[in-house]
Amino acid sequence: MSLAIRFWTLVVNMLCIPMHVINAVGLYKVYKRVFPMILRSFSASYNQIMHERKVELFRSLSEFTKPGGKLTILEIGCGTGTNFQFYPPGCKVICTDPNPHFQKYLEESMKKNEQLTFDRFVVTSGEDMASVGDESVDVVVCTLVLCTVRDIPQTLREVFLRKMQCCLMKFCRLVCLALSTPFYLMQFFGLRGMYKRLFPFLAYNITFSYNDKMHELKRELFRNLARFTNADGTLRLLEIGCGSGANFRFYPNGCTVICTDPNPHMEPYLRMSMDVNKHLSYEEILVLSGEDLREVQDESVDVVVCTLVLCSVNNVENVLQEARRVLRNVSCIVLPSRVVGYTATSRTRTFHLNSWARKEEDYLLTDVAVILFTVMHFAFHLSIKARFAKGHFEEKESHSMIH
């Protein structure tokens with residue numbers, strides 16, 4: 001973590017001291033009554049400043065409306081309802097907040113936004129939304145909230161596993177696990193070495209058809225990488241779990257690629273991809289897992305790419321910490337994967353795609369499952385491409401992706 005991040009963390013902690021004192025002397029109830037009043041006074045000016053960004057953030061919500069039905073939005077930590085004016089007309093809104101004193105100001109906001117239908121206000125925290133029925137909403141909104149909850153993973157589980165309609169994804173996971181059974185048996189009988197040799201062969205031979213099917217999405221995902229080129233014209237890119245080099249053809253001309261993969265048998269196939277993609281220059285091929293990139297220096301790369309990898313690592317958080325460590329102050333991290341979304345820190349700009357496939361971190365798929373799942377992945381992904389391609393969202397340096 002850079003010195004600047006530590007400095008600002010210290011500043012924020014110092015600004016919070018009065019709140020800790022209020023809690024210590026037993027005045028927390030007074031604070032809970034005063035805070036909604038203060039927040040309401042800032043709402044109008046905040047919305048004026050953030051108007052364009054909020055319009056862009058919420059502009060695609062109407063696409064999730066069911067045919068012949070009404071769009072249902074659950075807002076976690078709704079506060080005084082500052083987001084209401086940006087929601088599509090006719091939608092139904094369920095509001096939750098742990099502070100009951102927001103209800104008065106929330107009702108005022110609802111009266112000003114008559115284009116919406118106010119369903120109910122639930123006094124509950126983001127970590128426990130049992131009072132909201134499972135798979136009962138179409139969209140979950142959670143802005144400026146995850147930075148204040150006690151348990152971020154639990155809040156995300158409530159959002160992605162309880163509230164969103166996920167029957168199809170549950171079916172896909174079941175199929176994927178069934179297809180993985182032979183490889184679990186190989187590992188059980190001590191044939192992991194054979195698997196490690198077989199997997200690169202499968203990955204390389206499926207790369208061509210995979211890239212043909214995913215060409216437009218990959219081109220869109222990587223199209224902004226050239227923005228992070230340095231003043232001297234150099235761009236250093238680290239790919240975690242590079243596999244057989246399926247992404248090389250989409251990288252900008254002249255960039256330098258550092259490849260890492262925990263499987264040493266990937267190298268021959270990686271070399272073949274390097275020979276084909278001569279518009280790039282390459283440094284060493286490092287046999288490393290994403291959780292331990294010790295051979296890559298701190299703040300030494302401009303871009304980190306990690307595609308279809310977070311679903312197969314042992315510790316997602318460690319991988320993201322390593323990515324943050326090796327990135328320079330103004331950098332990019334590309335994370336299209338099938339896991340619950342972890343946020344990048346404020347020192348990164350993040351492109352995030354494929355949010356359709358997020359899942360709980362303790363339900364990880366193996367690399368082999370990803371390969372065997374590719375045919376279904378094509379059909380499912382392309383069928384909803386039009387809806388979720390717009391989910392590609394770029395955050396500025398001072399804002400994290402999900403928070």
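**Overall fold and selected local features**

The model is a predicted one, in which local features need a pLDDT of at least 70 and side-chain atom pairs count only at pLDDT 80 or more, whereas totals for chains, interfaces and linings use all residues. Residues are numbered from 1 along each chain as its sequence is written, and side-chain values use heavy atoms, with hydrogens and water left out.

The pLDDT, which is the predictor's confidence in each residue on a scale from 0 to 100, averages 76 over the chain, and 76% of the residues score at least 70. Over residues 338-403, however, pLDDT stays under 50. Where pLDDT is low, the predicted coordinates should not be read in detail.

The secondary structure comes to 14 helices and 11 strands, these being DSSP runs (helices H or I, at least four residues; strands E, at least two) numbered from the N terminus. Of the 403 residues of the chain, 45% count as buried, a term that stands for under 20% relative accessible area, with exposed meaning over 50% and partly exposed in between (1.4 Å probe, protein chains only).

Helix α8 comprises the 22 residues 192-213, and its end C-alpha atoms are 30 Å apart, which agrees with the 32 Å that it should span at 1.5 Å a residue, the expected span being 1.5 Å times one less than the number of residues.

The structure holds 10 aromatic pairs, defined by rings of Phe, Tyr and Trp (its six-membered ring) whose centres lie within 6.5 Å, with planes under 30 degrees apart counted as stacked, over 60 as edge-to-face and the rest as tilted. F84 and Y87 form a tilted pair, at 6.1 Å centre to centre and 50° between the planes; F84 counts as buried at 0% relative accessibility, as does Y87 at 3%. The rings of Y204 and Y269 have their centres 5.4 Å apart and their planes at 40°, so this pair is tilted. The pair links distant parts of the chain, with Y204 in helix α8 and Y269 in helix α10 (residues 267-276), 65 residues apart.

Conventions. Contact = heavy atoms within 4.5 Å.
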